[in-house]
Amino acid sequence: MERADVIILGGGLVGLTLAIALDQYGLSSIVIDPADPSATLARGFDGRASAVSITSWRMLETIGVGAHLEGKGCPIGSIRVNEGLAPGGLSFEPDADEGPLGIMFENRQLREALRQSVLAAPNVTLMMPARPAHSERTAGGVEVRLQDGRTVSGALLIGAEGRQSPTRDAAGIRLARWSYDHTAMISTVNHAHPHGNIAYEIFYPAGPFAILPLLPAEDGLNRSAIVWTVKGSEAPAMLGLPERAYAAEIEKRMGGFLGQVTLCSPRSSYPLGFHHAAKITAERLALVGDAAHGIHPIAGQGLNLGFRDAAALVEVLVEGARIGLDAGDAQLLARYERWRSLDTMMVAASTDGLTRLFGIPGRTASLVRRIGLGAVARIAPLKQRFMDEARGQSGELPRLLRGVAV
Amino acid sequence: MNASTPIPATIDPAEAAHFGKLAQDWWNPRGSSAMLHRLNPARLSYLREQIDAHWQGDGTTLKPLSGKRALDVGCGAGLLSEPLARLGARVTGLDAAWENVAAARLHAEGQRLSIDYRCGGIEDLAAADGEAGSYDLVTSMEVIEHVADPAAFVAGLAAALAPGGLMIVSTPNRTARSRLALITLGEGLGMIPRKTHDWSKFLTPDELTGLMAAAGLRVLDRRGLDFMPTRGFRLSADCSVDYFLTAVAG
């Protein structure tokens, strides 16, 4: 039977990051995921992109993944928030010495870089594709039986399977969830004028419309990712539009300031919801990423929260191993739980508050929003807090997110 | 070993029976030893710090005790012995209650750790062949306040220490604060099993330092272990509740 310190269920962006970071400090892991990575990577660009906050980027650099991503991301130099196309929005611009607010990557590039790093990691055993059939957690350890008959064991089980985490559900961990009755439509566009490394968040009565700067693909054309939020009932009709009509709708919502727009990726969509696990640990179990919490992508913080989970869990487990504690030790899990639950709740609550503020239609609400935006702009500490949130710098930061080795 | 083993002089029979009852519950983090589980990270951090200081480690390795022998006296069901083994040491765990030893063996097996658990007192070990003066690290944490003859006990620990070896002992201080924390609150509120402690048997750091000096040991470091209800156990300069002494021979 194959044995490792931890068994990670889920080989997505967060699961692999965790495995790579643990490997750096000599902790072993087995990563199990039903997806076939060669098939996933062989597909072309699927239009998915992520804003990696500057703290998450520091971690990727510290654990060696950054080297595979050098020069592939588009730095976000500033963020502009606007109420519709009316003038007088908010602009978040860091001082020259502060560096970018985040970096935009195609998810495909992140997956490729993580795959390269994980294949070179001596303490990581990849079982992909492999499907877990049954897992058992006892006071002494954890054991996972795969559908192909293999069995693996370890000291700690980590649920990194995303929002539908079967491990979380099997552990009987309750989930607080509500949906927004909104759908986010994702696509990538080419546009005539350069984006100037600016990310835009434009709030329409139906929902936010985000333009996130990407580097040009091989064709050298200006390129941005679009996250367009509409009412759930309107999404099917929008997504059913021919490409050219869809692009024209995007151009209209941009107010034309990036010039002519054409689609350059497939479109995808997902209903927006918010979920938060009541607990993120149980006996010999820890949840990370969307398995623990899913938030509205309005501020692009879902993946970054997952990276923060990974960074905190790595720090807790590595420090535990250095004093001889077993990776499944209840005291270590209690520390992880304390550390993360407050932080995720804060980010989720503030993002949710932002969504509700901007999600209410009508003139009064619009006025409230305008005053709200103006207030944020005038109150320096509040503005700083928004920027820190975007950067991922709020709360007590795990060392990896400060770019410091554990 | 079994229950019919003759009871050595430094073991108080009432004490050994008491811990035997707790044996099965030892490894439950929410069981009767919950406080020990909670203080484990703090005391292990202190241990690691002293190990690195003594053997010039950098704090980031996973096996700083690799190639070393460690003796854990009053090991209970192995809360400290197992971490020592994971840090690379060849560990001997000694406990007066055979139920503890049985629980410890069972648990170590489940953790795939090879630990030599023995039932008995420190004088049994000294009597065994080749054991005297053979341990690079000797630990005895939260134990000396339970023994019948602390001076003989410390002398026994000192005799087990190899040349150049390190000894780390922890125990509650005999102060008004420790009585309040451990007995009035700890045992009174049920966080620590009743009758675990006899306050009058607690040693002050100066008294224990004296016993160590008498046994030919030199104390290198004295550190407090403080408890805050909100933050749990923390290492501290304040030795008034519980403290560690680190010593070497000579």
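**Aromatic pairs and charges over rings**

Tyr46(B) has a relative accessible area of 0% and is therefore buried. In this predicted model, Phe244(B) likewise falls into the buried class, its relative accessibility being 1%. The structure contains, over all chains, six aromatic pairs. One of these is found in chain A, where the ring centres of Phe209(A) and Trp228(A) are separated by 5.9 Å and the ring planes meet at 75°, so the arrangement is edge-to-face, as an angle over 60 degrees requires. Phe209(A) belongs to strand 14 (residues 207-214) of chain A and Trp228(A) to strand 15 (residues 223-231) of chain A, and the pair thus links distant parts of the chain, 19 residues apart. Both Phe209(A) and Trp228(A) are buried.

In chain B, an aromatic pair is formed by Tyr46(B) and Phe244(B), for which the distance from centre to centre is 4.4 Å and the angle between the planes is 25°, an arrangement that is stacked. Because Tyr46(B) is located in helix 2 (residues 34-55) of chain B, whereas Phe244(B) is located in strand 8 (residues 242-249) of chain B, this contact ties together parts that lie 198 residues apart in sequence.

Returning to chain A, ring pairs join Phe209(A), Trp228(A) and Tyr246(A) into a cluster. The ring of Tyr246(A) also has the charged end of Arg267(A) sitting over it, at 4.5 Å from the ring centre. In chain B, the charged end of Arg179(B) sits over the ring of Trp199(B), at 3.9 Å from the centre of that ring.

Technical notes
Residues numbered from 1 in each chain as written. Chains lettered and ligands numbered in written order. Predicted model: local features only at pLDDT ≥ 70, side-chain atom pairs only at ≥ 80, totals over all residues. Heavy atoms only, no water. Phe/Tyr/Trp six-rings, centres within 6.5 Å; stacked < 30°, edge-to-face > 60°. Helix = DSSP H or I, 4+ residues; strand = E, 2+ residues; numbered from the N terminus. Buried < 20%, exposed > 50% of the residue type's maximum accessible area, 1.4 Å probe, protein only. Lys NZ or Arg CZ within 6 Å of the ring centre and 35° of its normal.
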